[in-house]
Amino acid sequence: MGPLSSRRAFFNWLGVVPFFLFSFLFLILPTFYLVIGSFQDKNGAATIQNYADLLGPQTVRTYLNSIEISAVTAIGGCIFGFLLAYAVILGGLPRRLRTALMTFSGVASNFAGVPLAFAFVFTIGRVGLVTVFLKDVLGVNVYAAGFSIYSKIGLEIVYLYFQLPLMVLIIAPAIDGLRREWREAAENMGATPSQYWRLVALPILMPSFLGSAILLFANAFGAQATAYALTGGSIDIATIAISRQMRGDVLFNEGLGYALAMGMVVIMGISIGLYALLQRRSERWLR
Amino acid sequence: MTTRHTLTRWAGLLATSTLVLAACSSTGGGGASAGASAAAGAWTPPADLLAAAKGEGTLSTIALPHSWCNYGEALSTFAAATGLKLNELLPDGGSGDEINAIKTNKDNKGPQAPDVVDVGLSFGPQAKTDGLITPYKVKTWDTIPATAKDADGAWYGDYYGVLSFEVNTKVVKTVPADWADLQKPDYKGQVALAGDPTVSNQAISGVWAAGIASGGSLDDATPGLKFFKDLNAAGNFVPIIAKTANVASGETPIRIAWTYNALADKDSLAGNPPIQVVVPKTGRFGGMYVQAISAFAPHPNAAKLWMEFLYSDQGQNLWLKGYCNPIRYDAMVKAGTVDTAAQAKLPDTSGTQLPTLDQITKASDVITKGWATEVGATVK
Amino acid sequence: MTAAGGGSTSPIAPYAVVGEVLDKNRTATRRRRSLGTIIWWIVFLIGVAYFLVPLWSTLSWSLQAQPFGAAYTNTLDDPQFAATLLYSFTIGIITVIVSIGIIVPTAFWVRLRVPQLRRLVEFITLLPFVIPPIILVFGLIRSYSHGFLPLTNTDIGSDALLVAAYTVLSFPYMYRAVDTGLRSIDVQSLTEASQSLGAGWLRILWEVILPNLRVSLLAGAFLTLAIVVGEYTIATFLARPAFGPYLALIGGNKAYEPAAVSLISFALTWAAMGVIQYIGRGTRITVAGAR
């Protein structure tokens, strides 16, 4: 196990060098300023006050809001996205619809920010098409009943527009991997559909499901433009808090903005750790 | 809405769109330099400065939307007169973004660094203290009022506007005449600001002005927060950053914005839908913006040339054409160089209060810090 | 004809019985399948409604401009529209190529040779999600406006920096798509089979792995292209003539044109993806052991 294995080990590591080099140059290095900056105050002196500020009740609530919205849209996006993807891949629909959905999802998953916010304002805003339709044709006044697009619920509805397609795209290869023969084999052995799902399909899909859920969570967590456009920055979520610190004047405290961003990184780190734990357990039988 | 009718016409449009394109492209776009000029003669660039600027070749501006104070025409006129290329950064930016851009690009001589900035009054002195701007006194320096410029020449007022209500009269039948009217139940879910009151100068001023009209003053901005708190509780306030499209669609048919922005919208919408610009009876609040040259400008001579242009009679009149009150207005009226046609179009803004620097700093602090907790338009 | 009753002694009888039971099963299955299909159609149509109605609202709003279609003719007239869209598409295509070039070998390698690095690589690929683009771009400018690699000082350098930033942004999607794809093919067997046939690493990647990843790569490419075309923050701060900043430029003060522009760009990007899909279609290569 001498020179051959160490040469092999070297060769192994060499294969991932391009990735690590690229990531270092264009992701880690710029982020470095983020870390350094979070320990600086307005005048550049070293401080941990920014991190102390993170623990204030206002900031905690900010993070909780972000987590709540991200979790809701991640789960919603996962479920509905999965159903939609399954419908076109294995649901017996014409093949062309699958292609259309895939390409559409590619575009829709990045339809965000001001255009998306306004599209929904035109749809379910106070004088939106659907609102007016519901009021005039069906006699249902949703705004009188308390609904407003300028709310957490409204934002979640809007977020789904890019969460759903993302799920569709990510889960499609996994559904593809669900060989039809397995289902037929299961049926021939007398399994009911629910048994098939519980014992065959879901366990196979679970790792991809979890991975997608985390991805969707991170996607929503980092979203800013859409929320800002829809609520004028008045909704209290982490990304808006950060941009406020980076952009404003009186509130301008870059160090705090960096610290807030670091907080986001930590939360993401925890979710990824959770994902890793879950995945290890559900992947056991695949090995 | 007759969707079927619209669809058939839409199909027809698609079929003939190539012809339309061919016809349109020959007439070209933009109405730059439409009939150069009114009362004042065209500006001639000073020769030495022009030569130095030409050596640099480009001017990098930041956060100058073309319909803001008629900047579109100002930029194209400048480019035509000097032959310089224009590099326009961050059109949707606010004053904070502009200062930030200077800071971030301190060591960068590339196209990301701005040469000149146009920021709210309160940003000037701080930028000077931070060493981000460099002094320059234009040829017409003496005709700029002393209260509107930094004695050392670091920053200098360029124009001011007054806060008004931009009203979509297709949706709003009884137009509000004053701030107090906005609280009426007629305007449920109809009133919005044009920016984020924690970062946007325009929005902060909106809150402040509302306060002045309801018992506050230039020294006390807290009634403004209460005004919007009540407005929000009554359900009249819509927390979105209202753009022209929101006003036009009827989603936020009453928008609080500077007169020049509201009037520019009125022109560009051309009756579809009809807009009325109302300067409130009380609480007339004026906001001044200032120009400055970046201390790290990649093209310092181009920057100086731009300033000479803006403070020339022609430059000032172009702002006037955009419904902004240029800072040399009084001097130009006296000298008879003001564009009378544009002057006639300005709304009556008598009784406008312009705050001092200290008042602005104090009020901004109060409003930006208090907005989230007081008004919280806490999106539930 | 039931099994019970009658004392049939024909030797075929048991087989006939079994045959009939299987028949019943198959019909039941078929009936269950067509009921299932209806349900999936309903699911699909609900999804379509959710996606298309907001687009429809935007369309009907854009058509309110006078004279009819003015929003669209104004948009198409503007030379900036075509220029910025073309720029963004070009950057997008380059980003897709660079991203695939980095991610596919890496994912393949991690899966095959250094699985212990998987968590680290995954964490790195998810970082772009968490780092707000505004912070990323500030960091990039600070890093590359001077020093060892002054990219921002030139236009070409800034373009390169933009591609690099977008490649980083595409990592989460590209890696996850490729990883899912690799998971569903038997990479180990494919590689060993190819190696035993004498293929080198590059050949394996290019001729065996890549074709099998077609679906994943297309998904990743779609997402990357859409990200690039719609992106605003990084393009703006790097002062690039991209589509996102253009959209913001006209969005501020025009009422109808922004709706028209976002719809046109939506349609064009969709069409571009249709083209990519068309080019990328073809028979899946199957190798013994993979199915």
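**The A–C interface**

Begin by selecting chains A and C: 70 residues of chain A are in contact with 71 residues of chain C, two residues being in contact if their C-beta atoms, placed from the backbone, lie within 7 Å. Now colour helix α2 (residues 17-38) of chain A, which gives the most to the side of chain A that touches chain C, with 11 residues. Helices (H or I, at least four residues) and strands (E, at least two) are DSSP runs, numbered from the N terminus. By class, this side of chain A holds 46 nonpolar, 22 polar and two charged residues. In that division Ala, Val, Leu, Ile, Met, Phe, Trp, Tyr, Cys and Pro count as nonpolar, Asp, Glu, Lys and Arg as charged, and the others, Gly among them, as polar.

This is a predicted model, in which local features need pLDDT of at least 70, side-chain atom pairs count only at pLDDT 80 or more, and totals for chains, interfaces and linings use all residues. Residues are numbered from 1 along each chain as its sequence is written, while chains are lettered from A and ligands numbered from 1 in the order in which they are written.

**A residue facing chain A**

Select C:Val130, which is found in helix α4 (residues 118-130) of chain C. Is C:Val130 buried or exposed? C:Val130 is buried, because 24 other C-beta atoms lie within 10 Å; a residue is buried if 20 or more other C-beta atoms lie within 10 Å of its own, exposed if 12 or fewer, and partly exposed in between, with C-beta atoms placed from the backbone. Leaving aside neighbours within four places in sequence, C:Val130 is in contact with A:Ala218, A:Gly222, A:Met264, A:Val265 and A:Met268.

Chain A has 13 helices and zero strands. The C-alpha trace of chain A spans about 80 × 70 × 30 Å along its principal axes. Of the 287 residues of chain A, 49% count as buried. Among contacts in chain A between residues at least 6 apart in sequence, 74% join residues at least 24 apart.

Turn to chain C, which is divided into domain 1 (10-62) and domain 2 (70-279); domain bounds come from an automatic or database domain assignment. The C-alpha centres of these two domains of chain C lie 37 Å apart, and five residues of domain 1 are in contact with six residues of domain 2.

**Chain B: confidence and domains**

Chain B averages a pLDDT of 85, and 88% of the residues score at least 70. Over residues 1-39 of chain B the pLDDT is below 50.

**Strand β5 of chain B**

Select β5(B). Two strands pair if DSSP finds at least two bridges between them.

- β9(B) runs antiparallel to β5(B) and is joined by six bridges; B:Val162 stands opposite B:Gly286.
- β10 (residues 325-326) of chain B is antiparallel, with two bridges; B:Tyr160 stands opposite B:Asn325.
- β7 (residues 254-258) of chain B is antiparallel, with five bridges; the bridge partner of B:Phe165 is B:Ile256.
- β8 (residues 275-278) of chain B pairs in the antiparallel sense over four bridges; B:Val167 has B:Gln276 as bridge partner.

**The nonpolar core**

Finally, show B:Trp306, C:Val137 and C:Ala165, which touch the most other members of the 281 residues in the largest nonpolar core. Such a core is a set of buried Ala, Val, Leu, Ile, Met, Phe, Trp, Tyr and Cys residues joined through C-beta atoms within 7 Å. Helix α8 (residues 152-176) of chain A gives the most to this core, with 15 residues. Leaving aside neighbours within four places in sequence, B:Trp306 is in contact with B:Leu59, B:Phe78 and B:Val116.

Conventions:
pLDDT = per-residue confidence, 0-100.
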